[in-house]
Amino acid sequence: MIKAQRGTKDILNDEIPTWQWILENAKNVFQNAGFSEIKTPIFEATELFQRGVGDSTDIVNKEMYTFSVGGADKNSSSITLRPENTAGVVRAYIEHNLNRQSPPQKFWYFGPMFRYERPQAGRQRQFHQIGVEMFGINEPAADAEVILSAVEFLKSIGLGNLEVELNSLGCPKCKNDYRNSIKEVLAPYLDDMCDDCKMRYEKNPLRMLDCKNENCQKIFEKEEVKKVIFNDYICDECKTHFNTLLSYLDELNIKYQRNKLLVRGLDYYNRTVFEIKSSALGSQSAVCGGGRYDGLVEMLGGVPTPAVGFAMGVERLFSLVEKKEVSKLDYYIVSTNTKEALKLAQKLRSQNKKVEFDMQGRKFSKQLEKASKCANYAVILGEDEIEKGFYSVKDLNCGEQRKIENFSDLL
RNA sequence: GCGGGUGUCGCCAAGUGGUUAAGGCCCCGGAUUGUGGUUCCGGUAUUCAUGGGUUCGAUCCCCAUUACCCGCCCCA
């Protein structure tokens, strides 16, 4: 038997109502905040992710679905199934010269992403993200706007009480100063740290800070190291940006926690980074992750444009959310006259009613039994009804049956 | 990539080295040839993830593979 590939799954009718409900809420909340939906391709040039997501990230290094397609020139024909969607949206922003429109440009998206990882609770190889990207605004109001819509969306699906964690990485300049002082203070301990951290020390020292290795954690606990980590290294401008954002969040009554160790694994972030977590999820606790990426548009060849965004894992949301039931039919047509049943179904459906009937011409009691399981009302269309031109409508919740003369009274 | 656990019908789930693999739900049919959701009766796994091995004999023991789950890592 051919089975679904490892880390992928079929979403069947019992889960569909909940998925649709999550999506409806996303659409409502984000559209009300002025975000318009954007649909970008599922695969892109491999180079887009190498440059956009970052060569030093795990995502690019070991988790991408990359294919060589077409001709002999391998490089020009290397494509990758998107592991995330920020790079793709940025690419579209640049390609369509959206910087020529008046800012802000605000987008939300939903779609499958692909990462070649070991499947686990809350982690699949094909998974879905809902996300938001906003371009063109430097002011902290943009950060607030983005975090607000994330929180409002979560609230709309009943997850209003999740923890928001925040940090500021600073701008490229202060980020760089910070990076250097971290390297300096950690240099004497480098030999005692894990192999990953030794790598990160060279490529992306900030990522060392969220290392889970016990030894490394101990080193971060040392007084002189702590002093550097918790030192407010960011420049005045970045500080003002961050503090203004915090004051906005206070006004909005959005609860947050400052987490100085929050760094995030994608290279493009600067200034604000945030995560929203749920302790109910096990080790894959992040529901939402995002931040500011002011340098990415330029890095991918566009004119310098500030930007903020986030992405959420829909499967993780799904597991937290209250499940929705499949909605009942308005009518189930009970009739052994298939032709009449078909015609009535057509008429009712054209009036936007949810209607089904028995296509096998089964016996009356079977049809009614079926109706009682899946519909609110049964329309009985027997010989009498057809001959004399009326409908017998039975309320399947209370058992009451009425005679209805005109089609319009059915509705 | 590393470590641990699990794998019996669509779903839950008992079971044992030995001629027929419990039960419940769902589903299908009948009692009831135009009135359901209750009740009663009946049906549905030549087969216990797959491939080998041990054995006179294996769903139950061993090995491998695979899938899923959990943890590490990473992230949404």
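Which residues of helix α9 (residues 223-230) are buried?

1. Val 225, Val 228 and Ile 229 are the buried ones in α9, where buried means under 20% relative accessible area with a 1.4 Å probe, protein chains only. Helices here are DSSP runs of H or I with at least four residues, numbered from the N terminus. The three sit on the same side of α9, because they cover an arc of only 100° around the axis, taken from the directions from the helix axis to the C-beta atoms.

2. A word on the model: it is predicted, so local features need pLDDT of at least 70 and side-chain atom pairs count only at pLDDT 80 or more, while totals for chains, interfaces and linings use all residues. Residues are numbered from 1 along each chain as its sequence is written, chains are lettered from A and ligands numbered from 1 in the order in which they are written, and side-chain values use heavy atoms, leaving out hydrogens and water.

3. The buried residues of α9 pack against α6 (172-186) and α8 (214-221), with contact meaning heavy atoms within 4.5 Å.

4. Ile 229 turns up again in the lining of the largest cavity, along with residues including Tyr 178, Leu 206 and Arg 258. By class, that lining has seven nonpolar, two polar and two charged residues; Ala, Val, Leu, Ile, Met, Phe, Trp, Tyr, Cys and Pro count as nonpolar, Asp, Glu, Lys and Arg as charged, and the others, Gly among them, as polar. A cavity is a set of points on a 1 Å grid over the protein atoms alone where a 1.4 Å probe fits but cannot get out, and lining residues have an atom within 4 Å of a point.

How values were computed
On a 1 Å grid over the protein atoms alone, a cavity is a set of points where a 1.4 Å probe fits but cannot get out, and a pocket is an open set with protein on both sides within 12 Å along at least five of seven lines; lining residues have an atom within 4 Å of a point. Buried means under 20% relative accessible area, exposed over 50%, partly exposed in between (1.4 Å probe, protein chains only). Helices (H or I, at least four residues) and strands (E, at least two) are DSSP runs, numbered from the N terminus.
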